[in-house]
Structure formats: structure tokens, C-alpha cells
Amino acid sequence: MKFFKHLFTVIKHKHYVFLNACRLHIPFLGFKHDFTKFHPTEFFRSVKYFAGDKSPTIVEREYNDGISKITLHHTLRNKHHWHAHVDFLPSGIIIAPIDYRHSLEYVADILSASKVYMKKNYTIHKAYEYFYKECPHYLMHPLNKEFILWCVSEIEECGFKKMKKKYTKNKYNELVNKYPKSMFISFDNFSLSILNIKE
């Protein structure tokens, strides 16, 4: 039974991502979004840890000392995840921004995952609140944090009608000029505060 429930969840999520990606003018990224979820490493472990109201990765961590093999396989193979833009040096961590198109894919992903897991309780504002609450803990470039929050806020306020490519691209470029291209966090004085959004 878990097999079909998880399969349905993945298909439903991909369906919502594709619809949102089309509205954000990145249909191809929406179409190929998260195909690695069908890879045996991700799919069968996700079936095993399927819960329905939250990601299988959360449940998997509860049973595996905090480690998720699903996440380890998935995030480095999908460029909309911040994990794919982090590099480790002997002295610290280098964090590069997610490019414009994959940042939009992340927006589509947030909205879609929230809708799948929150079900009838879903609103765009709740998707915004979830990302706002969680993103300070992410090794994500502040350019992307600010851009993603801005996009979700604009969609909540005006729908997708304003989210033309020129409009979103201009905002992304504005933030490119606001932040350094890559950011370094030293292991000697490790702090995520360097990744905070600038006021």
C-alpha cells in the first residue's frame, strides 16, 4: 500500500511543480523536476519511510541517527537544491548562488511540496512561512533566500500574472549586485549569520 501511496505523492508533486513552473516560464525544468525520485535508491527508501503528511527524509532521519540516504542521493543531482552549490575546503565552506532558472524551480517546488503535504490547510502564505522559518538554517546563498521569499510573496499578493520573465529576471539581477558572487564560512569561526539576508 505504501508503494502506491508514495508513487501517487511523487506524481502529484511533479504535476503541481510542472503547473507552477509553466506559470514561472520554465516549463522544461518543471517537466524534468525530481526525476531522481524514481531511482531505486530514493524510491524504495521513500516507500519504506512514507508518512503522507511529511517528507520520507524526515522519517528516515529519525531511524538512522539523523542521516538520510534519500537526501544524499537526491540533492546533489538536482540543481535547484542548495546542497548542489556548496563546496568544502580544509578551512571552511564555499557557498555559490543557485542560478536564476533553478531558483524559480525552487519556488515551484516549495509551493508544490507545501500543497501536497499540507493538503486542505495549504495556503501560499503558509508556504512562505515555512521557508522563512527554515531558510536561516540552510547553507543557501542569501541571494537565493531573498529571491525565493520575494517570489512567493509576489505570488501571494498578485498571483502569477506579474511573474513575467523580465520582472523576475530584473529582481534576480538586482540581488546579484547586492551580494558577493560566492561566500566563505570559516570552520574556525563557524556562523551561519554570514548567510543572513541583508536589509
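This briefing covers the model's confidence, sheet, nonpolar core and several single residues.

The model is predicted: local features need pLDDT of at least 70, side-chain atom pairs count only at pLDDT 80 or more, and totals for chains, interfaces and linings use all residues. Residues are numbered from 1 along each chain as its sequence is written, and side-chain values use heavy atoms, with hydrogens and water left out. Helices (H or I, at least four residues) and strands (E, at least two) are DSSP runs, numbered from the N terminus.

**Confidence**

- The chain averages a pLDDT (the predictor's confidence in each residue, from 0 to 100) of 95.
- A score of at least 70 is reached by 100% of the residues.
- Among the elements of the chain, α9 has the highest mean pLDDT, at 98.
- Helix α4 (residues 56–63) has the lowest, at 94.

**The sheet**

- An open sheet is formed by 3 strands, in the order β1-β2-β3, with antiparallel pairing.
- Its edge strands are β1 (86–89) and β3, each of which pairs on one side only.
- From one strand to the next, the twist averages 20 degrees; axes here are lines fitted to C-alpha atoms, for helices over the stretch in contact, and angles run from 0 to 180 degrees between N-to-C directions.
- Strands of a sheet pair through backbone hydrogen bonds, either parallel or antiparallel.
- Two strands count as paired if DSSP finds at least two bridges between them.
- β1 and β2 run antiparallel and are joined by 4 bridges.
- These two strands, β1 and β2, form a hairpin with 2 residues between them.
- Across this pair, phenylalanine 88 stands opposite isoleucine 93 in β2.
- β2 and β3 also run antiparallel, with 4 bridges between them.
- Here isoleucine 93 stands opposite isoleucine 185 in β3.

**The nonpolar core**

- A nonpolar core is a set of buried Ala, Val, Leu, Ile, Met, Phe, Trp, Tyr and Cys residues joined through side-chain atoms within 4.5 Å.
- The largest one has 39 residues, and Leu24 and Phe131 have the most contacts inside it.
- Two or more residues each come from α1 (2–23), β2 (92–95), α6 (100–118), α7 (124–134), α8 (142–158), α9 (165–178) and β3 (183–186).
- α8 gives the most to this core, with 8 residues.
- Contact means heavy atoms within 4.5 Å.
- Not counting residues up to four places away in sequence, phenylalanine 131 touches Tyr106, Ile110, Tyr138, Met140, Lys145, Ile148 and Leu149.

**Buried residues with polar contacts**

- Buried means under 20% relative accessible area, exposed over 50%, and partly exposed in between (1.4 Å probe, protein chains only).
- A polar contact is a pair of N or O atoms within 3.5 Å; within protein, one must be able to donate a hydrogen and the other to accept it, and residues adjacent in sequence count only if both atoms are side-chain atoms.
- Histidine 33 lies in the loop between α2 and α3 (40–48).
- Histidine 33 counts as buried because its relative accessible area is 0%.
- Its side chain makes a polar contact of 3.4 Å with the side chain of aspartate 109.
- Leaving aside neighbours within four places in sequence, histidine 33 is in contact with His13, Lys14, Val17, His80, Glu105 and Asp109.
- Threonine 71 lies in helix α5 (residues 69–75) and is buried at 14% relative accessible area.
- The side chains of threonine 71 and arginine 61 are joined by a polar contact of 3.4 Å.
- Threonine 71 touches Thr57, Arg61 and His83, not counting residues up to four places away in sequence.
- Tyrosine 179 sits in the loop between α9 and β3 and is buried, with a relative accessible area of 5%.
- The side chains of tyrosine 179 and glutamate 146 make a polar contact of 2.5 Å.
- Tyrosine 179 and histidine 141 are 38 residues apart in sequence and 8.9 Å apart in space, C-alpha to C-alpha.
- Leaving aside neighbours within four places in sequence, the contacts of tyrosine 179 include His141, Pro142 and Asn196.

**Positive phi in loops**

- Most residues other than glycine have a negative phi.
- Histidine 25 has a positive phi, near 70 degrees.
- Histidine 25 lies in the loop between α1 and α2 (27–32) and is partly exposed, at 39% relative accessibility.
- Lysine 119 has a positive phi of about 55 degrees, although it is not a glycine.
- Lysine 119 lies in the loop between α6 and α7 and is partly exposed, at 48% relative accessibility.
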